[in-house]
Amino acid sequence: MNKYPFKLEALPYSYSALEPFIDQETMTIHHTKHHQAYVNNLNNALEKHPELHNLTLEELLTRLDNLPKSIQLAVRNNGGGVYNHNLFWKSMTPDSSLPSDSFINKINDTFGSLENFKSEFKKAALGRFGSGWAWLVSDKDKKLMIISTPNQDTPLEQGLVPLLPLDVWEHAYYLKYQNRRNDYIDNWFEIINWPAIENRYR
Ligand code: MN3
């Protein structure tokens with residue numbers, strides 16, 4: 001159940017499954033330490049607010065401004081952290097393939113080509129100063145867009161549908177790639193779970 005108390009969702013593959021693109025040690029620490037900490041901190045923030053325990057994570061994150069002031073930032077950072085990572089794990093697969101023809105057409109219509117999409121996505125991911133995320137999202141008219149968000153902010157609060165997230169916090173790549181965010185992004189394109197992205201779009 002996607003409500004308080006939140007739990008750490010299991011990965012849909014093993015910690016080593018995304019080797020050599022993302023290494024086992026990074027995946028293990030990222031999931032069991034970083035993601036777990038967001039879950040714990042979110043639950044701690046909500047513990048004394050039983051009136052919020054019937055809200056889903058999406059509901060909490062789309063109404064941040066209406067939450068008690070004392071926990072707004074904690075829910076924004078940690079709730080966003082839980083939500084973004086849940087989506088991130090499911091957006092990758094060891095058995096990656098190309099997008100379907102119909103989704104490639106959609107990408108071509110919007111970005112010119114799949115290569116162009118990748119280069120614009122990469123620009124957004126490299127341009128995010130410090131910690132944050134790059135995203136393929138769609139708006140209410142189902143138009144595709146690339147954006148980036150700081151910290152653990154989600155596209156939900158902008159009224160956008162998150163389709164494909166890329167974690168560009170250093171904890172996502174530093175052990176293997178050190179400062180080479182560029183190489184991390186190039187390799188990450190090889191493990192995108194396109195069917196999952198297309199399902200979110202529909
Ligand atoms: Mn992360």
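Student: Which helix is Thr26 found in?
Tutor: Good place to start, and keep in mind that this is a predicted model. The helix that holds Thr26 covers residues 24-46. That element is helix 1.

Student: Is Thr26 buried or exposed?
Tutor: Let's compare its accessibility with the cut-off. Buried means under 20% relative accessible area. Thr26 has a relative accessibility of 2%, so Thr26 counts as buried.

Student: At what angle do the axes of helix 1 and helix 3 cross?
Tutor: Two packed helices are described by the angle between their axes and the distance between the axes. Helix 1 passes helix 3, which covers residues 69-90, in a left-handed crossing. Among the residues making the contact are Met27, His30 and His31 of helix 1 and Val82, His85 and Asn86 of helix 3. The axes come within 8 Å and cross at roughly 145°.

Student: What is the order of the strands in the open sheet?
Tutor: Strand 2 and strand 3 are the edge strands, each pairing on one side only. Strand 1 pairs with strand 2 over 7 bridges, and 6 bridges join strand 1 to strand 3. With antiparallel pairing, the order is 2-1-3.

Student: Which residue of strand 2 stands opposite Trp135?
Tutor: We can follow the partners across the sheet. Ala134 has Ser148 in strand 2 as its bridge partner, while Val137 stands opposite Pro162 in strand 3. For Trp135, the residue opposite in strand 2 is Ile147.

Student: How many residues of strand 3 are buried?
Tutor: Strand 3 runs over residues 161-167. This strand is mostly covered. Of its 7 residues, the number buried is 6.

Student: Which residue in the hairpin of strand 1 and strand 2 takes a positive phi?
Tutor: Most residues other than glycine have a negative phi, and most peptide bonds are trans. The hairpin has 5 residues between its strands, and one of its residues has a phi near 65°.

Student: Where does Gln178 lie?
Tutor: Gln178 has a positive phi of about 50° although it is not a glycine. At 29% relative accessibility, Gln178 counts as partly exposed. Its place is the loop between helix 6 and helix 7.

Student: Which residue does a cis peptide bond join to Pro20?
Tutor: There is a cis peptide bond between Tyr4 and Pro5, with omega about -10°. Pro20 lies in the segment before helix 1. In its cis bond omega is about 0°, and the residue joined to Pro20 is Glu19.

Student: How far apart are the axes of helix 5 and helix 7?
Tutor: The crossing of these two helices is right-handed. Phe121, Lys122, Ala125 and Leu126 of helix 5 make the contact, together with Arg181, Asn182, Ile185, Asp186 and Trp188 of helix 7. The helices pack at an angle of about 145°, and their axes are apart by 10 Å.

Technical notes
Residues are numbered from 1 along each chain as its sequence is written. This is a predicted model: local features need pLDDT of at least 70, side-chain atom pairs count only at pLDDT 80 or more; totals for chains, interfaces and linings use all residues. Side-chain values use heavy atoms; hydrogens and water are left out. Helices (H or I, at least four residues) and strands (E, at least two) are DSSP runs, numbered from the N terminus. Buried means under 20% relative accessible area, exposed over 50%, partly exposed in between (1.4 Å probe, protein chains only). Two strands pair if DSSP finds at least two bridges between them. Axes are lines fitted to C-alpha atoms, for helices over the stretch in contact, and angles run from 0 to 180 degrees between N-to-C directions. A crossing is left-handed if the near helix is turned anticlockwise from the far one by less than a right angle, and right-handed if clockwise. Contact means heavy atoms within 4.5 Å.
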